[in-house]
Amino acid sequence: MGPLALPAWLQPRYRKNAYLFIYYLIQFCGHSWIFTNMTVRFFSFGKDSMVDTFYAIGLVMRFCQSISVLELLHIYIGIESNHLFPRFLQLTERIIILFVVITSQEEVQEKYVVCVLFIFWNLLDMVRYTYSMLSVIGTSYAVLTWLSQTLWMPIYPLCVLAEAFAIYQSLPYFESFGTYSAKLPFDLSIYFPYVLKLYLMMLFIGMYFTYSHLYSERRDILRVFSIKKKKM
């Protein structure tokens, strides 16, 4: 007698898909809650809701962005099909803006740009995680596929502009409070506003590489999807 076959749910491929589905579902629920909360608050309180956006949803946003670092591990060990470096650039942008620029400066948290940035991030992520979640279980819809591969084209550059503006607005506070600036041995020092200005330039360089990658990925995915659709 040959070896007994494992039940389908115990096979590595199914365990991997189950894990990815749960991860995407958690991210989708988190970002959907954020977007819904922001929408309800805006219609209830108008522009006043934009001032305390970070206080209302900042914790959930930080949670979602923190666990998104797992995506680098997914790509590295091969359970998620994507390119590591472009994803690293995207995650680095958000981590630096959210945790270094916004979280560390209470004055920045009250700026309108935080609300705008959160809206852009969540629009992209709700669509992306919905598409990824359904792809794991072998379900695809033409509209959702097209939207997930197209929505980023106008919104991602706007995200980068909003991130750059958030950095620009944070500079006076980093200069005044000296946050993250430090003196080093041998008469050396780190003046953090200079670091942010340097990163500001790198932000747009990174946008070029990320945009190029996403555009190539969009072309390949839509081509494959159209071929599959013709065969059906």
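**Exercise 1. Find how many helices and strands the chain has, and in which order the elements run.**

Solution. The secondary structure comes to 10 helices and two strands, where helices (H or I, at least four residues) and strands (E, at least two) are DSSP runs numbered from the N terminus. Reading from the N terminus on, the elements follow the order α-α-α-α-α-α-α-α-α-β-β-α. This is a predicted model, in which local features need pLDDT of at least 70 and side-chain atom pairs count only at pLDDT 80 or more, while totals for chains, interfaces and linings use all residues. Residues are numbered from 1 along each chain as its sequence is written, and side-chain values use heavy atoms, with hydrogens and water left out.

**Exercise 2. Describe the chain as a whole through its box, its burial, its contacts and its charges.**

Solution. Begin with the extent: taken along the principal axes, the C-alpha atoms fill a box of roughly 75 × 50 × 30 Å. Next comes burial, for which buried means under 20% relative accessible area, exposed over 50%, and partly exposed in between (1.4 Å probe, protein chains only); buried residues make up 39% of the 232 residues in the chain. Then turn to contacts, which are heavy atoms within 4.5 Å: among those between residues at least 6 apart in sequence, 75% join residues at least 24 apart. Finally, with Lys and Arg counted as positive and Asp and Glu as negative, and with His and the chain ends not counted, the mean positions of the 19 positive and 14 negative charges lie 15 Å apart. The place of a charge is taken here as NZ of Lys, CZ of Arg, CG of Asp or CD of Glu.

**Exercise 3. State which residues UniProt marks as "transmembrane region", and describe the spans 20-43 and 129-147 in the model.**

Solution. The UniProt record, an unreviewed entry, places this feature at residues 20-43, 55-79, 129-147 and 191-211; such positions are given in the numbering used here, feature names are shortened, and annotations may be inferred rather than shown by experiment. For residues 20-43, the end C-alpha atoms lie 34 Å apart, and the span is 100% helix and 0% strand. For residues 129-147, the end C-alpha atoms lie 12 Å apart, and the span is 74% helix and 0% strand.

**Exercise 4. Count the aromatic pairs, and classify Phe-165 with Tyr-168 and Tyr-191 with Tyr-194.**

Solution. A pair of aromatic rings is described by the distance of the centres and the angle of the planes. Rings of Phe, Tyr and Trp (its six-membered ring) pair if their centres lie within 6.5 Å; planes under 30 degrees apart count as stacked, over 60 as edge-to-face and the rest as tilted. By this rule the count comes to 13 aromatic pairs. Phe-165 and Tyr-168 are 6.3 Å apart, centre to centre, with 25° between the planes, and form a stacked pair. These two residues are three apart in helix 9 (residues 152-177), so about one helical turn separates Phe-165 from Tyr-168. Phe-165 counts as partly exposed at 39% relative accessibility, whereas Tyr-168 is exposed, with a relative accessible area of 54%.

Tyr-191 and Tyr-194 form an edge-to-face pair, with 4.8 Å from centre to centre and 75° between the planes. Tyr-191 counts as partly exposed at 36% relative accessibility, while Tyr-194, with a relative accessible area of 55%, is exposed.
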